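Okay, everyone, thanks for coming. Let me put the structure up, and then I'll walk you through the aromatic part of it.

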Amino acid sequence: MALIDTIRSRRAIRKYREEQITEEELNLILEAGTFAPSAGGGQRTMIVAVQDRGLAKKIGRINASVMKRPNVGHVSADQPSIIDDPTILNGFYDAPTVCVIFNKGQNQYSISDSFCTAENMILEAYDLGVASAIIGRAEMTFDNDFGRSLMKEWEIPEDYTARAFVILGYIDGEYPAVKPRKEGRVRIVR
């Protein structure tokens, strides 16, 4: 498949089967993350893959609890978001694998480098037939005693900050259709 076709086809998935992804799939997805662009070639991102369901659920509940539910309208009928359904209490939608992306907190490229890492991971996941989504609110999710204790346990340096999550698993149900693109989002200046 051409890369543009992968980009056009991939969707954020929020309904997962319980089945865990394979070790080979996880390793390829993590490797893709490590090859993401980074400012100055700094390679400052660190990724922790959590496959302990109880721990992932606990972190996911914290993630959902820090969500300020914006009035942004409807996200999806096929794949409801916590914005659509306030009864969803796990910000990771019970995905069997949750990857936490950390980066140096004071680095001015920390956020952009981290989201490049996340994008590489979800594109590789899609190519492998693994469903995924990028989840925000990472900094707020880890800004508490529990989050800091996890970072210490995982040997994440103190000057690092959680920046994003990538959730992974196999889709439960049909793959969502492509939403039409909004007009007027691109400008070319010559």
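**The ring cluster**

So, F92, F102, F142, W154 and F165 are linked by ring pairs into a cluster. Before I go on: this is a predicted model, where local features need pLDDT of at least 70, side-chain atom pairs count only at pLDDT 80 or more, and totals for chains, interfaces and linings use all residues. Residues are numbered from 1 along each chain as its sequence is written, and side-chain values use heavy atoms, with hydrogens and water left out.

How many aromatic pairs does the structure hold? Six. For pairing, the rings of Phe, Tyr and Trp (its six-membered ring) need centres within 6.5 Å; planes under 30 degrees apart are stacked, over 60 edge-to-face, and the rest tilted.

Take F102 and F142. Their ring centres are 5.4 Å apart with the planes at 80°, so we call that edge-to-face. This pair links distant parts of the chain, 40 residues apart: F102 sits in strand β2 (residues 97–104) and F142 in helix α5 (residues 138–142). Helices (H or I, at least four residues) and strands (E, at least two) are DSSP runs, numbered from the N terminus.

Buried or exposed, what is F102? Buried, because its relative accessibility is 0%. F142 is buried as well, at 4%. The cut-offs are under 20% relative accessible area for buried, over 50% for exposed and partly exposed in between, with a 1.4 Å probe and protein chains only.

F102 also pairs with W154: the centres are 6.3 Å apart and the planes at 70°, so that one is edge-to-face too. W154 is in the loop between α6 (145–153) and β4 (160–169), so with F102 in β2 the pair ties together parts 52 residues apart in sequence. At 19% relative accessibility, W154 counts as buried.

**The strands**

Now for β4. It's largely enclosed by the rest of the structure, because 10 of its 10 residues are buried. β2 and β4 run antiparallel, joined by eight bridges; two strands pair if DSSP finds at least two bridges between them. Strand β3 (residues 131–135) also pairs with β4 in the antiparallel sense, over five bridges. Look at L168 in β4: T97 has it as a bridge partner, and S132 stands opposite it.
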